[in-house]
Amino acid sequence: MCKCWLPSKWYHLSAVMNDDEGDGHQGISMEEERRVKANDPEHNEKFQYANNRIKTSKYNILTFLPVNLFEQFQRVANAYFLSLLILQLIPEISSLSWFTTIVPLMMVFTITAVKDATDDCFRHKSDNQVNNRQAEVLIGGRLQNEKWMNVRPGDVIKLENNTFVAADVLLLSSSEPHGLCYIETAELDGETNLKVHQALPDTSELGADIRRLAEFDGVVVCEPPNNKLDTFTGVLFWKDNRYSLNNEKMLLRGCVLRNTEWCFGMVIFAGPDTKLMQNSGRTKFKRTSIDRLMNTLVLWIFGFLVCMGIILAVGNSIWEHQVGAHFRIYLYWNEVVNSSVFSGFLTFWSYIIILNSVVPISLYVSVEVIRLGHSYFINWDRKMYYPKKDTPAEVRTTTLNEELGQIEYIFSDKTGTITQNIMTFNKCSINGKAYGDVYDDFGRKTGINEKTVPVDFSFNPLADRKFQFYDHSLIESIKLGDAMVHEFFRLLSLCHTVMPEEKNAVQSPDGQIKLYCKGADTILFERLHPSNEELMSLTSDHLEEFAGEGLRTLALAYKNLTEEHFKEWFKILQEANTSLDSRNEYLAAAYEEIEKDMMLLGATAIEDKLQEGVTETIASLSLANIKIWVLTGDKQETAMNIGYSCHMLTDTMNEIFVVAGHTVKEVREELRKAKEHLFGQNKDLSNGHVFCEKMQESKQGSVLEETVTGDYALVINGHSLAHALEADLENEFVEVACLCKTVICCRVTPLQKAQVVELVKKHRKAVTLAIGDGANDISMIKSAHIGIGISGEEGMQAVLASDYSFAQFRYLKRLLLVHGRWSYFRMCKFLCYFFYKNFAFTLVHFWFGFFCGFSAQIVLDTSYWTAINRFFILGSIAVYFAILFAMHSDGIFVIFPNHFPFVGNSRNSLGQISVWLVILLTTVISVMPVITFRFLKEDLNPTQTDQVRKLQKVRRKQKPLQNYMRRVYRTQEDLHMLFLIKRALGNL
């Protein structure tokens, strides 16, 4: 039973979007609560609630060109080449035609625009397909077909079997007795089993009477739009009565009506306000580490270009001052240039134009082409094709392929992702006796193999022919009429919803009222009668045995009730259910009142089978130093059972830390103890200084994972995770979790999944991947660097929000260890070659500047180079795809994943001193031969020009010396004359 409460006020900041007749209007409103009246459009329009139109596209016909151009100019290289094109239109500084820049620039813009337009066309097509679905809406007293996008809050709509629910609606009535209906929520949570929802008894009487439904004027006051899939809080006011509303009364958009002929519902939330769309979140623009590196390199290269321009400009000023000034009379240069400094200034811009090829305008397009080719390699990979559902792997985002080879953390859902989400009855315990195992003639337990004879269910015409059970003793007990066995299966047949703790009150044919309860043993055992001690001990042993085999377990109990006791309690429940204040507390007290002194009946052990190849995949990824975190909504026992099944948890681990504190203080203490254990406090007690140093280093984030020896695992519950994600605890949580080999988060909400991913991205600076199958995984998928959706048995919501999709978890190994590494390796090799090509061409012009008087002349014809450059770009792509595809086999990566803990160093390269040292040494080694050759050539084999230059230099050096000697000689003559004059005067 769903427990909920109605707060006095809700606050919600929502975007109200109304697209009437194609006009988009968007406003921001503070919505405290939602108030919707049935069959009254005028009343509801006053609140400007969103209609049912959804929009995921980015452009329209009018906005495509300006918005797309604005986005493209966000790239540094594109903005640079636009500025360069403007400079080339100035004749005084340009020696190149504007054709050499505008052609590649237009090519880049056109290819990118076509790609963006194609992607957005698919979004428009998908939006139109959904918005134009037909729904039966009650308008003017009769049912009319309306498009989904025209459905509004307050409308009463009819749903038929096997159809999608158009919006979040309040269930009013159905074709089933008591207003029941069955829905499949695979699009929301990935679960394919049916869930039971029930209308209010008073509204279920409306049935399919169109007249009465048209007269229905109930007012629903409820919470504002939010992303909580499992809760709903509201009140229905109708005919001077008020009725409590919870999640069981709601049908959410994305669900499918099953096994129910028809039902009627009142629309509460539509379009972007539905819980499905609220969980979709905002799509984030994802960029790879290669993209960030390229942008950084482009900035550094532009700085290098400016340095070359300055060197050549200074050379031009010196040359103009010493040589060029004598030749201005022969040119029309005096009209423009009147000084050598101004000549150098103009030459600087001229060389910026000539040497522009060092900044790679075609780099981004070339990279996109390579990525597109890698995407087709993934799409065409037959080893990632799932024939059972005819589902190939699909690349939905082509710009992230090389990032697949950089993954360090994987965040995975459990149900439907790691497991098949197909529950199979495997074993049980009834009245202290375990059923499900097979024994030989000597009473020894034996394994089940192909020769084991299954139970023959031919006597039961309703039995599932695919179901196989091997313990014949259970069938014999049923045939012998064992009362406890019959009571056991009676409970299972009546108490069969999917709530975590289930309870039903039923009345037997003889008039006995019974309370049936099914739930976790940790909760149920606390509610048993003291006389069940011995039986509880036996059942606990069976539960531990079942859990050790990776089975999902539930305990079963019952209680006989008198009619007077039940009526008295039911009145208390009704009062609690209609309470507006503290409803949750009143309901909890009512449940506690009746769930006492129950009698233990037994336990079930259900197998949620792992998908094929999950264990091997997890083992291979672990050998490649990739850590896997499981984020699931299941309880702790179930999640740990699956962890043992797929060998994420093992008995050989040094320690499994369980964090289950209910307060911040408790969680902090449990994390502190885990950290002390990880750093080996017990071993360091004799040397407290060592431990203090380790703790201090961990706070600074400098402790490496290699510091911790041994295998550890962390299991944390949802209520504890809520405290661990707070600002004052997140550092400690991340430190402990990242030092563990396995992390399992239980009972987590969709929002918490996304928060965990963001936390690791923030503190570890690592590349993350999230994989899931349901709408509750969408936030996690969008938060991670790479998002993967599982398509197959489950829904498609996660696939629609993902970057990659395939049908089975095991394909993740090939996607990362083969395609990811191939993509990264090829991309890095291509970038090295690309930059080499550009620098080789540009430095030719740089060196030529020293031979042409720094006059900004070109060596090669520009049209020739443009054609050759295009040829080399296309040729390099073709060559790399051909040669590297043949040279590098996928087998070696799969066979020896531990030899390839391959995390590329491109994103860290610029921070390494050795990289800059290599660049400096390479530059010196490249320059020294040219300088050495020129000096040796002038000395050993000078040309006539060299001899003239050498003679001019000698004369320039001799001329100041001669002038100096002349001044010295004149000074000596003057002194001699003064001496003679002085002597003559002395004689007189």
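This is a predicted model: local features need pLDDT of at least 70, side-chain atom pairs count only at pLDDT 80 or more; totals for chains, interfaces and linings use all residues.
Let me start in helix 10, residues 340-354, where Phe 345 and Trp 349 sit 4 residues apart, about one turn of the helix.

A pair of aromatic rings is described by the distance of the centres and the angle of the planes. In the whole model, 24 aromatic pairs are counted. For Phe 345 and Trp 349, the ring centres are 6.4 Å apart and the planes stand at 80°, so this pair is edge-to-face. The cut-off behind that is over 60 degrees.

What about exposure? Phe 345 is partly exposed, at a relative accessible area of 45%. Trp 349 is also partly exposed, at 30%.

Next, Tyr 376 and Trp 380. Their ring centres are 5.2 Å apart, and with the planes at 40° the pair is tilted. Tyr 376 has a relative accessible area of 38%, which makes it partly exposed. Trp 380 is exposed, with 60%.

Back to the first pair.

Last, charges over rings. Arg 133 is placed over the face of Trp 148, 5.0 Å from the ring centre. Over the face of Phe 459 there is Lys 479, and here the distance to the ring centre is 4.7 Å.

Definitions and conventions: Residues are numbered from 1 along each chain as its sequence is written. Side-chain values use heavy atoms; hydrogens and water are left out. Rings of Phe, Tyr and Trp (its six-membered ring) pair if their centres lie within 6.5 Å; planes under 30 degrees apart count as stacked, over 60 as edge-to-face and the rest as tilted. Helices (H or I, at least four residues) and strands (E, at least two) are DSSP runs, numbered from the N terminus. Buried means under 20% relative accessible area, exposed over 50%, partly exposed in between (1.4 Å probe, protein chains only). A charge sits over a ring if NZ of Lys or CZ of Arg is within 6 Å of the ring centre and within 35 degrees of the ring normal.
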